[in-house]
Amino acid sequence: MFPKLKLKNCILALLGSAVLAFGLYNIHALSGVTEGGVLGMTLLLHHWFNISPAVSGFVMNTACYIMGYKLLGREFIAYSFVAGGGFSLFYAIFERFEPLFPALADMPFLAAILGALFVGVGVGLSVRAGGAPGGDDALAMSISHITKWNIERSYLISDLVVLALSASYIPFLKLVYSLLTVMLSGQLIGIVQRFSFKSKGQEGKNAKAEHMP
């Protein structure tokens, strides 16, 4: 049976997908900075074994979502469908227009920082809603669930493994920019996921209510 979804969470997942798609199209796609996780692994396999990213990406993303379903349940898959579908839709819309910041192609350091900002906020909102817009996010959420690590540590570990392997064919300076963007985006994802919209007064009332007999 398909789980009942909360409208607020669906809106949050779609908002996160829109922010993520905007950043990837207008910033990351121009900068040439590589990624960790599934995307970075598809590029690695294509370079060394000539395996199409379309094939390896599909296999790895599917495996990550299956793991997420096993560990996090049906609601996770449902919200991931909303987030992932929203990302594809918004990216297709943005592709109809010229990139807004073409000059960033020659400014990889700035692109790495701005890209991390959009990825961190976008993915963070989707993760907060309970879904994963990509296989990387499903993997990080699963690792966090198993190990009880915070989400940013889970992202960092999976990204560092892929970036370390990518050092076999990617120039050192490009890896430095990649490391910068994955570290910043991972931290931002954790901050957005845990950010509380409640006022201090409301938090105090909630805490008082919890201790009342």
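**Exercise 1. At what angle do helix α7 and helix α8 pack, and how are they oriented to each other?**

Solution. Take α7 as residues 151-166 and α8 as residues 172-194. Their packing angle is about 165°, and the axes lie 8 Å apart. Angles over 145 degrees count as roughly antiparallel, under 35 as roughly parallel, 65 to 115 as roughly perpendicular and the rest as oblique. Therefore α7 and α8 are roughly antiparallel. The contact (heavy atoms within 4.5 Å) includes Tyr155, Leu156 and Leu160 of α7 and Leu179, Val182 and Met183 of α8. The contact residues split into ten nonpolar, six polar and three charged.

The model is predicted: local features need pLDDT of at least 70, side-chain atom pairs 80 or more, while totals for chains, interfaces and linings use all residues. Numbering runs from 1 along each chain as its sequence is written, and side-chain values use heavy atoms, without hydrogens and water.

**Exercise 2. How are α3 and α4 oriented to each other?**

Solution. Helix α3 covers residues 53-72, and helix α4 covers residues 74-94. They pack at about 140°, with axes 7 Å apart. They are therefore oblique to each other. On α3, Tyr65, Gly68, Tyr69 and Leu72 make the contact; on α4, Arg74, Phe76, Ile77 and Ser80 do.

**Exercise 3. Is Asn26 buried or exposed, and which backbone nitrogen does its side chain reach?**

Solution. The Asn26 side chain reaches the backbone nitrogen of Leu100 at 2.9 Å. Beyond neighbours within four places in sequence, Asn26 contacts Glu98, Pro99, Leu100, Phe101 and Leu104.

Conventions. Axes are lines fitted to C-alpha atoms, for helices over the stretch in contact, and angles run from 0 to 180 degrees between N-to-C directions. Helices (H or I, at least four residues) and strands (E, at least two) are DSSP runs, numbered from the N terminus. A polar contact is a pair of N or O atoms within 3.5 Å; within protein, one must be able to donate a hydrogen and the other to accept it, and residues adjacent in sequence count only if both atoms are side-chain atoms. Ala, Val, Leu, Ile, Met, Phe, Trp, Tyr, Cys and Pro count as nonpolar, Asp, Glu, Lys and Arg as charged, and the others, Gly among them, as polar.
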